[in-house]
Amino acid sequence: MEAFFNEWLWKEEYWLPPGISWLDTETKEEEGRFPRPGDLLFCLPLAVAFIALRYVFERCFADPLRKLFGVEERVRIRVVPIPKLETFYTQNTRLPSQSDVLSLGKQSSLSQRKIQTWFRHRRNQDRPSRTKKFWEATWRFVFYLASFTGGLASLINTSWFWDPSECWRDYPKQPVADAHYWYYMLEMSFYLSLLLCVSVDVKRKDFKEQVIHHIATIFLIGFSYCANFVRIGTLVMLLHDSSDIILESGKMFHYAGWTWLCDPMFIVFALVFMLTRLVVFPCRVIHTTLVLSMDFFQPFFGYYFFNTLLLVLQALHVFWAYLILRMIWKFAFMGKVERDERSDEESEADDDEEEEQEEESSWDQRKGTMNPKLASLADNCVLNNLTNQRSVSRLPKAR
C-alpha cells in the first residue's frame, strides 16, 4: 500500500514544481512545521467532534438564544393518516402528478382536491421548523465569527496578507506556523462536518450547488495543504468567512422576526459579498495563482488542479451574485426584499404555506366562477409562480 501511494499518489511531479523533490522540502525542527498529507487524517475525527459539539451547542446555547430572540413556531395542520396516500408519499414522490392523483382517487375514493390538499399539508408537516433553522444559522455564525477572527489575527502581521505575491517567495520551502496549521485543520473539519450532515440539514433550493461547493472546498483545502499552498489558502478562507458572518447573523434576525434589520443587513451582506467574491477574490487571489506564481516556478499538475478548483468556486460566486443582484433589483423597485432567491427556504415550502393560507378563504369564491374565468385564473397562477410576491424579508445564503 505504501509503495502504491508513493508511486501513484505522492509522485513529486504531482505536488511539486519541476526540479523540486521531497528532500528539498525537508525542514529542521527549529525551522517550523512542514505540511504532510498524513496530517489531514486528523480532520476525520475532528469532523465527528464538530458534529457532536454542534448537537450540544444547539441545545445548550442556541435554544436559549432562540427563546431570547422570540423565535416562535408556526401552527401547522396535522394531516389525517390515510395509509394509501402515506405509502405513496414515502415510497414514490411528495409531488404526485395529475395521473397519480387520478389513480390515488380511484384507490381511496377521495376527490382530487382532497388528495392534493392532503399532500400539500403532508409536505408542510415535514418542513424544517424555525427552531432548526435558527439553530443552524447560530452554529454557523459562531463558527464563522471565531474562524474569521482567529484567521485575521494570525494573518494580519504576515507579508502575504498585504502582498499576495509573497505567497510564492521561497516556495515550496515554506514552514507553516502552528496558528495556520490549526486554521487549516479546523476549516477543513468544519466543511467535512457540513458535508456529512447535508442530508439532515435544511434542504435548500441550491442543494446541488451547496454540495459542489462543499466538495470543491474540501478538495481545495486538502490539496493546497499537501502542496503547501497554505499561504494563498489562508487568504481564500478568510475572504469566504468575512461575508458569511453577516449572512448568518441576518438569518438569525429574520427567523426572530426582526424585519427592520433584515433589509439593512442584506444590503451590507451584498456589498461585502460583491467586494470579496467578485473583486478581491478574482483580482488578487486568482490573478496571483495564475499569473504571479509563474515568476517563481514553472507550471505543474498541482498548479492546474489548484487553479481549476479556484475557478469552480468563482463560477459559484457568479451564480450566487446573479441571484443577489435579482434581489437588489426587487429591493430597489419594490421597496423590500420579497423572497430569498437562493436558499433560505425549501423549494416547495413557501408555495405550500401560501396556498394553505388562501385555500379556505378563496375556494368558495373561485368555485362559482371557475368556468367563465378560467383563462384569467391561469394567467394569474402563472404570474404568481413567476413573481412569488411575499411580504417577509428574505436573506440569501452565500456559501
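Begin by selecting residues 214-240, a span that is 89% helix and 0% strand, and whose end C-alpha atoms lie 12 Å apart. Keep in mind as you look that this is a predicted model.

Next, select residues 182-202, where the end C-alpha atoms lie 28 Å apart and the span is 71% helix and 0% strand. Both selections come from the UniProt annotation "transmembrane region", which belongs to an unreviewed entry and also covers residues 38-57, 141-162, 252-273 and 311-329.

Where is Phe-42 placed among the helices? Phe-42 sits in the loop between helix 2 (12-15) and helix 3 (43-69). With a relative accessible area of 34%, Phe-42 counts as partly exposed, because that term is used for values between the limit for buried, under 20%, and the limit for exposed, over 50%.

For the last stop, select Thr-276, which you will find in helix 12, residues 259-290. Is Thr-276 buried or exposed? Thr-276 is buried, because its relative accessible area is 9% and buried means under 20%. If you display its side chain, you can follow it to the backbone oxygen of Phe-273, which the side chain of Thr-276 reaches at 3.4 Å.

Notes:
Residues are numbered from 1 along each chain as its sequence is written. This is a predicted model: local features need pLDDT of at least 70, side-chain atom pairs count only at pLDDT 80 or more; totals for chains, interfaces and linings use all residues. Side-chain values use heavy atoms; hydrogens and water are left out. UniProt positions are given in the numbering used here, feature names are shortened, and annotations may be inferred rather than shown by experiment. Helices (H or I, at least four residues) and strands (E, at least two) are DSSP runs, numbered from the N terminus. Buried means under 20% relative accessible area, exposed over 50%, partly exposed in between (1.4 Å probe, protein chains only). A polar contact is a pair of N or O atoms within 3.5 Å; within protein, one must be able to donate a hydrogen and the other to accept it, and residues adjacent in sequence count only if both atoms are side-chain atoms.
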